[in-house]
Amino acid sequence: MKPTLLAIAMLMAAPAAFAQSDFVEGEATFGANAELGATLTTGNTDTTSIKGRLDMKHEIGNWENQYLLEGLYKEDDEEVTAKRYLGLAQGNYRLGTHSYLFATGSYEVDPFTGYDYKINSAAGFGYRLYQGANSFLDGEIGPGYQYQRLDDELSEELGYGSEASWVVHGVLNYEAKISKTSKFKQMFVADYGDKLDARSETSITANIVGALSMKFAVIVRYNSDPLDDIKSTDTETNMTLLYSF
């Protein structure tokens, strides 16, 4: 494995010794989930595939903050076939039991879309639309701004270097506890401006032992107006180990 790939894997899997897994309302609390999945084959076919994710949550007073680091790297016969890195931060300020204000920002690198990087930011209002005994549904909506930087080749071909627009940012997040040891999640994120940029993530997590779980996820990304020779829909299917701390 290349040193850079090993560094990515270590970064995504590294735990914090002081973290706690549960949140206590009104007290400063930190918890996180670290995911890692990898495939390495040698011989007639040389393949490297690494998926890492570190999802951290911090609660202090009325603030609930989330920090996310995510990376995907695939290489087949020494040719890079997928490379995507994402960093995201969001702060939620609780107004009451079901309502909150949010502000979010993200930075994403995915050269296979024709863009060097993409920056999204948004702020608005969130509300718990449904609260059951073992499930809930949250919704968020607000104005946002999206900036995308084209790679050098496309920039020279098209005659401009970037695209930017104001967007309407919306999120639906559903979680349900299936059993004592398993959980289902479904999230939709959409930014609509000059085009529709959307993401869906469906996952099932099952506990193996202690803080270790197995996670199966299907991620679909959609762009209603992709660049030339770029498909509008990307799908990603992952099986990863998840450690909660």
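The lining of the second largest pocket comprises seven nonpolar, four polar and five charged residues. In this classification Ala, Val, Leu, Ile, Met, Phe, Trp, Tyr, Cys and Pro are nonpolar, Asp, Glu, Lys and Arg are charged, and the others, Gly among them, are polar. The structure is a predicted model, in which local features need pLDDT of at least 70, side-chain atom pairs count only at pLDDT 80 or more, and totals for chains, interfaces and linings use all residues. Residues are numbered from 1 along each chain as its sequence is written, and side-chain values use heavy atoms, with hydrogens and water left out.

The second largest pocket has 16 lining residues. Tyr115, Gln148, Glu163, Lys195 and Asp225 lie nearest its centre. Two elements, β7 (135–150) and β8 (162–179), each give two or more residues to this lining. Strand β8 supplies the largest share, four residues. The volume of the second largest pocket is about 220 Å³. A pocket is an open set of points with protein on both sides within 12 Å along at least five of seven lines. A cavity is a set of points where a 1.4 Å probe fits but cannot get out. Lining residues have an atom within 4 Å of a point. Grid points are joined across faces, edges and corners, and a volume is the space filled by probe spheres set on the points.

A search of the whole structure finds one cavity of 30 Å³ or more. The largest cavity holds about 30 Å³ of space. Its lining is formed by Glu35, Lys51, Arg53, Glu201, Lys215, Ala217, Ile219 and Asn238. Strands β2 (47–60) and β11 each give two or more residues to the lining. The largest share, three residues, comes from β11. By class, the lining of the largest cavity has five charged, two nonpolar and one polar residue.

The protein chain contains two helices and twelve strands. Helices (H or I, at least four residues) and strands (E, at least two) are DSSP runs, numbered from the N terminus. The order of elements from the N terminus is α-β-β-β-β-β-β-β-α-β-β-β-β-β. The chain has 245 residues, of which 40% count as buried. Buried means under 20% relative accessible area, exposed over 50%, and partly exposed in between (1.4 Å probe, protein chains only). Among contacts between residues at least 6 apart in sequence, 46% join residues at least 24 apart. A contact means heavy atoms within 4.5 Å.

Strand β11 (residues 212–223) includes Ser213. Ser213 counts as buried because its relative accessibility is 8%. Residues up to four places away in sequence aside, Ser213 touches Thr205, Ala206, Asn207, Ile208, Thr240, Leu241 and Leu242.

Gly170 lies in strand β8. Its relative accessibility is 21%, so Gly170 counts as partly exposed. Gly170 and Glu140 are 30 residues apart in sequence, yet their C-alpha atoms are 5.4 Å apart in space. Glu140 is also among the contacts of Gly170, together with Ile141, Phe188, Val189 and Ala190, when neighbours within four places in sequence are left aside.

Strand β3 (residues 63–76) contains Glu75. This residue counts as buried, because its relative accessibility is 8%. The side chain of Glu75 makes a polar contact with the side chain of Tyr73, at 2.8 Å. A polar contact is a pair of N or O atoms within 3.5 Å; within protein, one must be able to donate a hydrogen and the other to accept it, and residues adjacent in sequence count only if both atoms are side-chain atoms.

The loop between β3 and β4 (79–94) holds Asp77. Asp77 is not a glycine, but has a positive phi of about 50 degrees. With a relative accessible area of 48%, Asp77 is partly exposed. Glu78 is found in the loop between β3 and β4. Phi of Glu78 is near 65 degrees, again a positive value in a residue other than glycine. Glu78 counts as exposed because its relative accessibility is 72%.
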